[in-house]
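Colleague: Put the model up, please. I'll ask as we go.

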Amino acid sequence: MSNDIHDEIWLGTLLEGQARWVVAKTTDLVEEARSRHQTSPVATAALGRLMTASLLLASSLKGNESITIRLLGNGPLGGVVAVGNAQGEVRGYVHEPFTDLPLNENGKLDVAQAVGQGEFAVSKSLENGENFTSMVPLISGEIAEDLAHYLLNSEQIPSATLLGVLVERDYQVMGAGGMLIQLLPGASEECIEKIEEQINKLPEGISKIASESRSMEEMVQTLLGGLSYQVLEKRPAGFQCSCSKERVGATLISLGREGFKEILQDKQAELVCHFCNEHYQFDEKELMELYEQAK
Ligand SMILES: [Zn+2]
């Protein structure tokens with residue numbers, strides 16, 4: 001049975017401020033992504049892990065800043081995209097949501113195979129409108145390792161990462177979550193050893209811990225209990241897309257009158273938002289109004 005605690009992101013420090021940590025429970029938002037995109041189990045796992053990763057990274061942003069992570073792999077998923085912001089809102093999609101693969105040799109969903117080889121690209125959109133993108137090669141395709149590799153190589157932050165999605169036989173998401181621990185300057189060897197020890201002795205994967213914890217306190221306690229930690233902030237998290245009929249209409253306007261002609265001939269149009277799979281219908285009158293605004 002899944003628990004009824006809401007998705008949340010908790011942040012804090014541990015071992016007298018030698019490291020910062022972020023724990024996210026993302027079960028509901030990954031389930032919403034699954035039901036919107038009708039993803040197969042392996043696609044749900046990849047998308048859910050990436051959406052969770054984007055929330056972990058976005059936890060250090062402010063205001064309306066956001067993080068976009070793209071998995072540009074050559075596997076059957078054909079690419080995965082997730083966008084998370086500082087408010088705990090996240091959206092995402094998989095290019096080939098129906099991808100089906102046999103389980104890997106450990107009996108787990110074969111996310112690495114589904115993602116394939118390629119690049120892990122992270123774009124930050126800052127409050128002043130600036131955008132920064134950096135890319136590192138995918139080293140595993142399981143996403144948690146790729147996130148840690150990105151943080152070390154691109155941002156020079158030694159980090160420990162956990163990401164997991166537990167999919168039931170009926171394809172529903174029973175548990176999902178992630179944890180990020182980042183060493184702060186001056187962290188001691190002993191601190192690093194203690195963090196490694198704590199992660200190694202976790203009884204099970206983070207998705208199972210997310211599904212079995214009866215509260216966020218319990219989830220954080222299970223994950224960090226062996227380390228003296230402080231909770232500094234709690235935030236809600238949820239699936240939230242930024243699309244609207246107006247925005248979709250604006251993309252039609254941007255096609256220009258030339259590009260519009262074909263659409264007008266059909267007298268109606270349906271546009272689908274990649275990120276949330278929402279369908280927007282435009283009738284002839286609405287299309288004519290947009291056409292008038294196009295150049
Ligand atoms: Zn949308």
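Colleague: Which residues is T13 in contact with, leaving aside its neighbours within four places in sequence?

Modeller: A19, R20, W21, Y229, Q230 and L232. Contact means heavy atoms within 4.5 Å. Bear in mind that this is a predicted model, where local features need pLDDT of at least 70, side-chain atom pairs need 80 or more, and totals for chains, interfaces and linings use all residues. Numbering starts from 1 along each chain as its sequence is written, and side-chain values use heavy atoms, leaving out hydrogens and water.

Colleague: What does the T13 side chain make a polar contact with?

Modeller: The side chain of Q230, at 2.8 Å. A polar contact is an N or O pair within 3.5 Å; within protein, one atom must be able to donate a hydrogen and the other to accept it, and residues adjacent in sequence count only through two side-chain atoms.

Colleague: Is T13 buried or exposed?

Modeller: T13 counts as buried, because its relative accessibility is 18%. Buried is under 20% relative accessible area, exposed over 50%, partly exposed in between, with a 1.4 Å probe and protein chains only. T13 lies in strand β1, residues 8-14. Helices (H or I, at least four residues) and strands (E, at least two) are DSSP runs numbered from the N terminus.

Colleague: New topic. What are the protein donors of the zinc ion?

Modeller: The SG atoms of C241, C243, C273 and C276, 2.2 to 2.3 Å from the zinc ion. Donors are N, O and S atoms within 2.8 Å of the metal (3.2 Å for Na, K and Ca); water is not among the atoms, so sites may look incomplete.

Colleague: What about the geometry of the site?

Modeller: Tetrahedral, with angles of 100 to 114° among the four donor atoms. For four donors, that label needs all angles between 85 and 135 degrees. Ideal tetrahedral angles are 109.5 degrees.

Colleague: And the spacing along the chain?

Modeller: C-x1-C-x29-C-x2-C. C241 is in the loop between β11 and α8, and C276 in the loop between β12 and β13, so this pair ties together parts 35 residues apart in sequence. C241 and C276 are buried.

Colleague: How do β12 and β13 run?

Modeller: Antiparallel, joined by four bridges. Strands pair if DSSP finds at least two bridges between them. E270 stands opposite Q281. The hairpin has six residues between the strands, and N277 takes a positive phi near 65° there.

Colleague: Which residues of β13 are on the covered face?

Modeller: Y280 and F282; H279 and Q281 are on the uncovered face. Side chains alternate between the two faces in a regular strand.

Colleague: Over to α8. Which residues are buried there?

Modeller: V248, G249 and L252. They cover an arc of only 100° around the axis, so they sit on the same side of α8. The arc is that of the directions from helix axis to C-beta atoms. On the other side, E246, R247 and S254 are exposed. The cover over the buried residues includes α9, β12, β13 and α10.

Colleague: Last one: β8. Why is it called largely enclosed?

Modeller: Because seven of its nine residues are buried. Nine bridges join β8 to β9, and the two run antiparallel. A160 has I181 as its bridge partner in β9. In the hairpin, with five residues between the strands, Y171 takes a positive phi near 80°.

Conventions: Tetrahedral: all angles 85-135°; square planar, octahedral: opposite > 155°, others 65-115°.
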